[in-house]
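Hello,

Here is the structure I promised to pass on. Please open it alongside this note, and my findings follow below.

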Amino acid sequence: MAAPRIVLVEDDGFQRQLVTDYLSQHGLRPVPAASGAELKRMAEQAMPDLAILDVQLGEAEDGFALARWLRGRSARIGILMLTSAGDMVDRVVGLESGADDYVTKPFEPRELLARVRALLRRSAGAAAPPPAKVSEVRVGTCMLDLERRLLVRPDGSEDALTASEFDLLKLFVSHPNRPLTRDWLLESSSHREADAFDRAIDNRILRLRRKLEADPAKPEAIRSVRGVGYMFVPPRD
């Protein structure tokens, strides 16, 4: 079986060599890249299994931009961000950009190795043949019919969604268990409303909760994440 393809993007030559050597000593084969341009050239030829991205790159595109670029081209690739120590903003933005995990600098090499291996196992598990196209997704007490763009209640009755409500709900089900910021949700929605900027998403989510939550006052499907925004949590059963 071919060894996993790992690309490390780090503009600091010393750090780049240090991480490359350490991972190589433990049976992995990382390919170092000094810039995002190098990463893109590699990915255009063959998408790697894992990308390790330093957030602070001395170029126009930082690690967040590279993460978004990679995630837009592959849902399977593992993305690990190297962030500043204790910077919660970097962590949240990294996850919002499509990253799977992060390690804060300065880091313990063994922790980096453990996280890299965990992401590679996850990617290998995702390499199975893709399932049949999903046309319905369970959201709260309802089923979201993606083809007809409506909610189906437990009793079989249907609840039409506005274009903006459907777009927002589709964003949530496409990013389960991942905190999403208000700004990102608003920017990613193709339909804008006349609400004030800081209330547009809140008002839309309030309407959705009334339609799909068993108790809108105690939401289980679309949960608030303090200081970030909202997160969709799929039902367990």
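R149 sits in the loop between β7 and β8 (150-152). In this predicted model, R149 has a positive phi of about 60°, although it is not a glycine. Most residues other than glycine have a negative phi, and most peptide bonds are trans.

Look for N177 in the loop between α6 and β10 (180-181).

There is a cis peptide bond to check as well. It runs from K105 to P106, with omega near -10°. P106 is in the loop between β5 and α5 (109-125).

**The chain overall**

The chain has eight helices and 12 strands. It holds 237 residues, and 42% of them are buried. Take the contacts between residues at least 6 apart in sequence: 54% of these join residues at least 24 apart.

The average pLDDT of the chain is 83. A score of at least 70 is reached by 84% of the residues. Two stretches need care. Over residues 127-132, pLDDT stays under 50. The model has one contact beyond four places in sequence for that stretch. Over residues 191-197, pLDDT also stays under 50. Here the model has 13 contacts beyond four places in sequence. Where pLDDT is low, the predicted coordinates should not be read in detail.

**The largest core**

Which residues have the most contacts inside the largest nonpolar core? They are L169 and F172, in a core of 23 residues. Five elements are listed as giving two or more residues to this core: β7 (142-145), α6 (163-174), α7 (182-188), α8 (197-212) and β12 (229-232). The most comes from α6, with six residues.

Leave aside its neighbours within four places in sequence. F172 is then in contact with L180, L185, I205, I222, Y230, M231 and F232.

S164 is found in helix α6. Is S164 buried or exposed? It is buried, because its relative accessible area is 5% and the cut-off for buried is under 20%. The side chain of S164 makes a polar contact of 3.2 Å with the side chain of T162.

L186 belongs to helix α7. L186 is buried too, with a relative accessible area of 7%. In sequence, L186 and I201 are 15 residues apart. In space, their C-alpha atoms are 6.5 Å apart.

Helix α3 covers residues 63-71 and is mostly covered itself, with eight of its nine residues buried. Those buried residues are G63, F64, A65, L66, A67, W69, L70 and R71. At the start of α3, a side-chain oxygen of D62 comes to within 3.2 Å of the backbone nitrogen of F64.

Two packed helices are described by the angle between their axes and the distance between the axes. For α2 (residues 36-45) and α3, the angle is about 10° and the axes are 11 Å apart. So α2 is roughly parallel to α3, since angles under 35 degrees count that way. Where do α2 and α3 meet? On the α2 side are G36, L39, K40, A43 and E44. On the α3 side are L66, W69 and L70.

**A buried glycine**

G98 lies in the loop between α4 (88-96) and β5 (101-105). G98 counts as buried because its relative accessibility is 3%. G98 and A67 are 31 residues apart in sequence, yet 6.0 Å apart in space, C-alpha to C-alpha. Not counting residues up to four places away in sequence, G98 touches R71, I79 and R178.

That is everything I have for now.

Best wishes

Key. Residues numbered from 1 in each chain as written. Predicted model: local features only at pLDDT ≥ 70, side-chain atom pairs only at ≥ 80, totals over all residues. Heavy atoms only, no water. Buried < 20%, exposed > 50% of the residue type's maximum accessible area, 1.4 Å probe, protein only. Polar contact = N/O pair within 3.5 Å; in protein donor to acceptor, adjacent residues only side chain to side chain. Core = buried A, V, L, I, M, F, W, Y, C linked by side-chain atoms within 4.5 Å. Contact = heavy atoms within 4.5 Å. pLDDT = per-residue confidence, 0-100. Axes fitted to C-alpha atoms, helices over the stretch in contact; angles between N-to-C directions. Parallel < 35°, antiparallel > 145°, perpendicular 65-115°, else oblique.
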